[in-house]
Structures are given as structure tokens and as C-alpha cells.
Amino acid sequence: MNKYELIYIIDTAVEEAARKDLIEKFNGIIVANGGEVVKVEEWGKRRLAYAIDYKTEGYYVYVAFNGASELPKELSRNLGINESVIRSQVVKLLTKKSSVKPRPVRVAPVAEEAPAVEAAQTTEA
């Protein structure tokens with residue numbers, strides 16, 4: 001299973017009870033499609049960076065979940081259909097591979113300048 005993050009913005013005109021139902025609906029879609037909801041954070045009402053459909057504020061919700069590779073497409077489809085959701089974005093989290101060995105650091109060879117410097121000093125004297 002892959003790890004994903006989802007952030008979506010709900011219209012502020014939606015009532016609080018309807019907003020809670022909407023959040024539960026999207027969490028239910030994740031679970032129904034074989035996913036696992038890890039964390040849900042309601043960031044609350046915030047000002048948008050730019051107006052979307054003449055709206056300047058939205059209610060932000062963050063969801064971290066695990067699921068199959070088909071789940072984000074189905075979730076995005078459902079978020080796009082819902083008129084109460086202004087914007088949404090699903091991002092796959094990448095995991096670091098620890099089996100990769102780092103490249104060795106290349107050190108420039110030390111040139112033998114010391115005898116040349118000594119020879120130059122002896123000719124000056």
C-alpha cells in the first residue's frame with residue numbers, strides 16, 4: 001500500500017453538520033476502497049490565496065491515508081463531483097530507499113609542488 005496526503009477545501013457556506021457528514025463521506029470512500037485513514041486534521045476556516053468562484057475563504061481539511069494505486073483516482077473523481085468542495089489535491093508520499101549506497105567522494109590528487117618550491121628558493125639565494 002502507498003502513502004498519500006489529501007487536502008481539500010470545503011465552501012464556508014456549508015453548515016457545520018453537513019460539513020462533518022462530508023468529511024465522514026470522504027473518509028468512508030477511502031475505507032470502502034480498501035484504504036486506511038491514518039490522520040484527519042480540520043485546519044478550519046482560512047483565507048484563500050486567490051478568489052475561487054468569487055469566494056475568498058474556505059474550510060481546509062487534511063487527510064493522511066494508505067491505499068492502493070487506484071484509490072486516489074476514485075477519490076479525486078468523487079471530490080470533483082461534489083459541489084461543496086472548492087479545490088482538492090492528492091499527493092503520493094515517496095519513501096527513501098536506504099539500500100542505495102552514496103557515491104564515494106572524489107579527492108583531487110596532491111601535486112608534488114614542494115620540491116619545485118624548494119628549488120625556486122635555492123636559485124634566488
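**View 1. Which order do the four strands of the open sheet have?** The order is 2-3-1-4, with antiparallel pairing. This is a predicted model: local features need pLDDT of at least 70, side-chain atom pairs count only at pLDDT 80 or more, and totals for chains, interfaces and linings use all residues. Residues are numbered from 1 along each chain as its sequence is written, and side-chain values use heavy atoms, with hydrogens and water left out. Strands (E, at least two residues) and helices (H or I, at least four) are DSSP runs, numbered from the N terminus. Two strands pair if DSSP finds at least two bridges between them. Strands of a sheet pair through backbone hydrogen bonds, either parallel or antiparallel. Strand 2 and strand 4 (85-92) are the edge strands, and each pairs on one side only. On average, neighbouring strands of this sheet are turned by 20° against each other, direction ignored.

**View 2. Strand 3 pairs with strand 1 and with strand 2**. Strand 1 and strand 3 are antiparallel, with 10 bridges. Here Glu5 stands opposite Ala64 of strand 3. Strand 2 (residues 36-52) and strand 3 also run antiparallel, joined by 11 bridges. On this side, Glu42 stands opposite Val61, and Lys45 has Tyr59 as its bridge partner. Two residues lie between the strands in the hairpin of strand 2 and strand 3. There, Asp53 takes a positive phi near 50°.

**View 3. Asn66 sits in strand 3**. Is this residue buried or exposed? Asn66 counts as buried, because its relative accessibility is 16%. The cut-offs are under 20% relative accessible area for buried, over 50% for exposed, and partly exposed in between (1.4 Å probe, protein chains only). Strand 3 is mostly covered, with 10 of its 13 residues buried. Asn66 and Glu36 are 30 residues apart along the chain, yet 5.1 Å separates their C-alpha atoms. Contact means heavy atoms within 4.5 Å. Not counting residues up to four places away in sequence, Asn66 touches Met1, Asn2, Lys3, Gly35, Glu36, Val38 and Leu71.

**View 4. The largest nonpolar core holds 18 residues**. A nonpolar core is a set of buried Ala, Val, Leu, Ile, Met, Phe, Trp, Tyr and Cys residues joined through side-chain atoms within 4.5 Å. Which members touch the most others? They are Tyr8, Ile10 and Phe65. Strand 1 (2-11), helix 1 (16-32), strand 3 (55-67) and helix 2 (71-81) each supply at least two residues of this core. Helix 1 gives the most, with five. Apart from this core lies another, of five residues, including Ile9, Leu48, Ile52 and Ile86.

View 5. Axes are lines fitted to C-alpha atoms, for helices over the stretch in contact, and angles run from 0 to 180 degrees between N-to-C directions. Phe26, Ile29 and Ile30 of helix 1 make the contact with Leu71, Leu75, Asn78 and Leu79 of helix 2.
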